[in-house]
Amino acid sequence: MDISKAFDKVWHEGLIYKLKCNGVGGNMLQILFSFLQDRYQRVVLNGQSSNWIKISAGVPQGSILGPLLFLIYINDISQNLESDVKLFADDTSLFSPVFEPNLSAETLNNDLIKISHWAYQWKMSFNPNVSKQAHEVVFSRKRNVTNHPNLIFNDIDVKKVNSQKHLGFILDNKLSFKDHLNMVIEKTSRGINVLRKLRYHLSRPSLITIYKSFIRSLLDYADVIYDQPYNSSVINRLESIQYNAALAITGCIRGSSRDKLYKELGLEPLHSRRWFRKLCIFYKIIYEKSPKYLYDLVPKHNQFVNLRNRNRIPNIFCRTEFFRNSFLPSVINEWNKLDASIINSETFSIFRSSLLKKIRPTAKNIFNISNPLGIQHLTRLRLGLSHLREHKFHHNFNDTLNPLCPCNLEVESVSHFFLRCHFFDAERLVLMNGIFNLDPNIHHLDDISFSNLLLYGNTKYSNEINKKILEISINYILVSKRFEEPLF
């Protein structure tokens with residue numbers, strides 16, 4: 001149920017009365033009264049202004065006190081209701097477990113009448129627009145649909161719908177979360193398209209920040225609710241979003257190893273991220289750093305055991321796959337798999353860090369090089385899917401029937417391209433002179449170590465030296481023009 005123009009309908013005299021009922025008086029009440037009084041408004045359109053009109057209702061939107069005063073004004077809406085009620089700003093939701101449909105409908109209808117009377121008494125109104133009228137969702141996974149009597153609110157039938165959005169999260173009547181996931185995938189797809197356009201204008205760190213802030217945050221929202229750790233189709237569907245984002249950030253080719261791609265960017269898989277976030281919440285629950293009603297849901301041992309030394313939580317018996325996928329059974333199962341040293345972490349920060357070490361790879365360094373095209377080709381070589389014939393052959397490209405280099409010397413591998421291909425002898429001379437000027441001892445390296453140095457640098461060198469090594473490699477890649485031809 002949605003209150004119509006909620007912030008504008010707060011009756012000032014009624015609000016002052018409720019403030020007094022909540023123990024506000026004296027100078028504080030006078031300050032709040034002064035805050036509300038003598039406010040005027042007018043409309044300005046195309047340079048023309050209406051007359052000033054005094055405001056006798058409403059709280060200033062955008063102010064610090066406005067939301068607090070509004071909450072005080074509507075807080076008593078839940079008094080004398082038999083159903084469970086949840087309030088968030090101007091949205092009101094009623095909940096009732098259905099054991100007998102007629103009895104439940106009667107309870108809800110009586111509560112809806114009480115809410116209507118409350119609204120009339122305090123000069124508020126719920127949205128009269130039929131298109132925005134109250135909605136009813138019956139949450140049930142029963143195969144045989146039960147007939148539920150109609151609900152009436154403001155003399156209008158409450159509209160029966162199969163899903164409803166609450167605080168940005170879509171709950172469907174089967175609690176499959178398909179509607180929410182479809183919405184998230186649609187939004188993230190648009191964000192990924194933006195990343196592709198920005199790849200040649202922004203640095204990789206900036207692109208990763210944009211992804212984490214505006215795309216992955218959509219996936220993180222309420223993920224502990226919709227997570228289905230035993231449903232591979234849901235896991236793969238969600239993981240494809242981050243994979244597509246990683247391709248957009250790096251410019252790598254579809255079919256590149258997902259694990260290598262994540263390690264390149266320092267991203268943990270989304271299913272691991274949900275695992276981590278659920279366990280973090282559970283840590284707060286069992287150590288009573290969350291609301292007590294959550295702790296009361298956790299199964300307890302029969303005998304008293306000091307909570308700090310309790311390593312395991314009794315598992316919840318699950319008759320269905322759906323229940324086994326829900327938060328509490330699944331997170332308890334994962335909790336019991338953790339090492340005792342992690343479970344007994346003294347602080348949440350230590351616990352969180354211990355879990356992150358398990359799932360988050362260290363990103364491969366590109367040493368702040370600002371050459372989007374060069375970094376793209378370098379990353380493709382790192383991941384093992386590029387124009388090189390060895391890469392294309394192993395990935396079953398139709399135009400590559402064998403991995404041999406056109407120079408007919410050997411397989412066209414990364415080492416061959418950098419160190420031996422006759423087509424690039426002149427470019428290689430510049431490459432080698434640049435590398436040996438940085439460190440003459442590099443010529444002692446074997447082919448694989450030398451190739452890795454050209455791709456990644458080496459931790460024994462400073463960031464400045466490593467940056468120069470990668471810049472020399474990128475220059476060789478670009479001037480060779482080996483990667484300019486169409487891939488397919």
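Reader: What relative accessible area does Lys337 have, and is it buried or exposed?
Author: The model is predicted, so local features need pLDDT of at least 70 and side-chain atom pairs count only at pLDDT 80 or more, while totals for chains, interfaces and linings use all residues. Residues are numbered from 1 along each chain as its sequence is written, and side-chain values use heavy atoms, leaving out hydrogens and water. Buried means under 20% relative accessible area, exposed over 50% and partly exposed in between (1.4 Å probe, protein chains only). Lys337 counts as exposed, at 56%.

Reader: Which side chain does Lys337 meet in a salt bridge?
Author: A salt bridge needs a side-chain nitrogen of Lys or Arg within 4 Å of a carboxyl oxygen of Asp or Glu. The N to O distance here is 3.4 Å, and the partner of Lys337 is Glu334.

Reader: How many residues apart in sequence are the parts that Arg482 and Glu412 tie together?
Author: Arg482 forms a salt bridge with Glu412, the closest N and O atoms being 2.8 Å apart. Both residues are buried. Arg482 lies in the segment after helix 21 and Glu412 in the loop between helix 17 (389-394) and helix 18 (414-419), so the pair links parts separated in sequence by 70 residues.

Reader: In which helix do Glu321 and Arg324 both lie?
Author: Their side chains meet in a salt bridge at 2.5 Å, N to O. Glu321 is partly exposed at 40% relative accessible area, and Arg324 is partly exposed at 31%. Helices are DSSP runs (H or I, at least four residues), numbered from the N terminus, as are strands (E, at least two). The two residues are three apart, about one turn, in helix 12 (residues 321-325).

Reader: At what angle do helix 19 and helix 21 pack?
Author: Contact means heavy atoms within 4.5 Å; residues of helix 19 including Leu431 and Ile435 meet residues of helix 21, among them Ile469 and Tyr476. Axes are lines fitted to C-alpha atoms, for helices over the stretch in contact, and angles run from 0 to 180 degrees between N-to-C directions. The axes of helix 19 (residues 425-438) and helix 21 (residues 463-480) are 9 Å apart, and the angle is about 175 degrees.

Reader: Why is helix 19 called roughly antiparallel to helix 21?
Author: Angles under 35 degrees count as roughly parallel, over 145 as roughly antiparallel, 65 to 115 as roughly perpendicular and the rest as oblique. Helix 19 is roughly antiparallel to helix 21 because their packing angle is about 175 degrees.

Reader: Which helices do the buried residues of helix 1 pack against?
Author: The buried residues of helix 1 (residues 12-21) are His12, Gly14, Leu15, Ile16, Lys18 and Leu19. They pack against helix 2 (26-36), helix 3 (65-74) and helix 4 (101-121).
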